[in-house]
Amino acid sequence: MENYWYIVIGFSIIFIATTLGSALVYLFKGQISPKINTIILGFASGVMIAASVWGLIIPSIEIVITDYGWGVYSFVPAVIGFLLGGGFLVLLDHVVPHFHKGTNEEEGPKNNAPKSLKLFLAVTIHNIPEGLAVGFAFGAAAAINQTAGYVSALALAIGIAIQNFPEGAAVALPMRNVTNSKHKAFLYGMGSGVVEPIFAIIGYFLAFALNILQPWLLAFAAGAMVFVVAEDLIPDSKLNEHPHLGTWGLMVGFALMMILDITLG
């Protein structure tokens, strides 16, 4: 039973970190400076890329090699799952009405929903892959039922939680100007993180119940996260204005996630 505490901790910290970051709206009066925002987005990009590689794609390939013996074709589930993950985000962008703060353009079906809600949905739908990644990792660990697998999944959850803290602040602080309320801004920031434990639970049961699909599901989550990085985080970081800050943020985020995966996994 003690292994299940890893799941409880992993599913909880990804939400708690977002909530704590959102609470910074009560401490800071101004907005995040462009330079700090660049560092935050670069850092988040590095964490998500490293998590996709070390925590999802490599385990996906290793499962196929050890359990299915596909030899030189062991890359197939990883490649297909990876591309499907990106396609999933494209689908969400088309079916969920939201406001892309980076381009100031509306995406998805047109409606009269308030801008605050559309900004909230933009962040929320892009948090879904992070929740799925954590859920799939723990589901794969539960299938083999070894403590090492749970610890490795927890490393992935810790990495995502670390980048969720500044991400929560990055949601709540701009939302304060949109809603003219610290309380509403905090609730929007916290609410954007609710989807992560929800989809972590969904991902857990999918990976655990559909054992044969684990390699595909792990790669799917990786593809979805990399899609978010390429489409939103890196463009929104405005690397053309502060190239070194954003690049070093990405490098540090990648290195930190790599350290967590190796030392804990």
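Is phenylalanine 11 buried or exposed at 11% relative accessibility? It counts as buried, because 11% falls under the 20% cut-off. Keep in mind that this is a predicted model.

Now for the ring contacts. The structure has eight aromatic pairs. One of them is stacked: tyrosine 6 and tyrosine 150 sit 6.3 Å centre to centre, with 15° between the planes. This pair ties together distant parts of the chain, since tyrosine 6 belongs to helix α1 (residues 4-22) and tyrosine 150 to helix α6 (residues 147-179), 144 residues apart.

Phenylalanine 11 has its own partner, tyrosine 204, and their arrangement is edge-to-face: 6.3 Å between centres and 80° between the planes. Tyrosine 204 counts as buried, with 9% relative accessibility.

Here are the two pairs side by side:

| Pair | Centre to centre | Angle between planes | Arrangement |
|---|---|---|---|
| Tyrosine 6 and tyrosine 150 | 6.3 Å | 15° | stacked |
| Phenylalanine 11 and tyrosine 204 | 6.3 Å | 80° | edge-to-face |

And which rings are joined into a cluster with Phe11? Ring pairs link Phe11 with Phe138, Tyr204, Phe205 and Phe208.

Definitions and conventions
Residues numbered from 1 in each chain as written. Predicted model: local features only at pLDDT ≥ 70, side-chain atom pairs only at ≥ 80, totals over all residues. Heavy atoms only, no water. Phe/Tyr/Trp six-rings, centres within 6.5 Å; stacked < 30°, edge-to-face > 60°. Helix = DSSP H or I, 4+ residues; strand = E, 2+ residues; numbered from the N terminus. Buried < 20%, exposed > 50% of the residue type's maximum accessible area, 1.4 Å probe, protein only.
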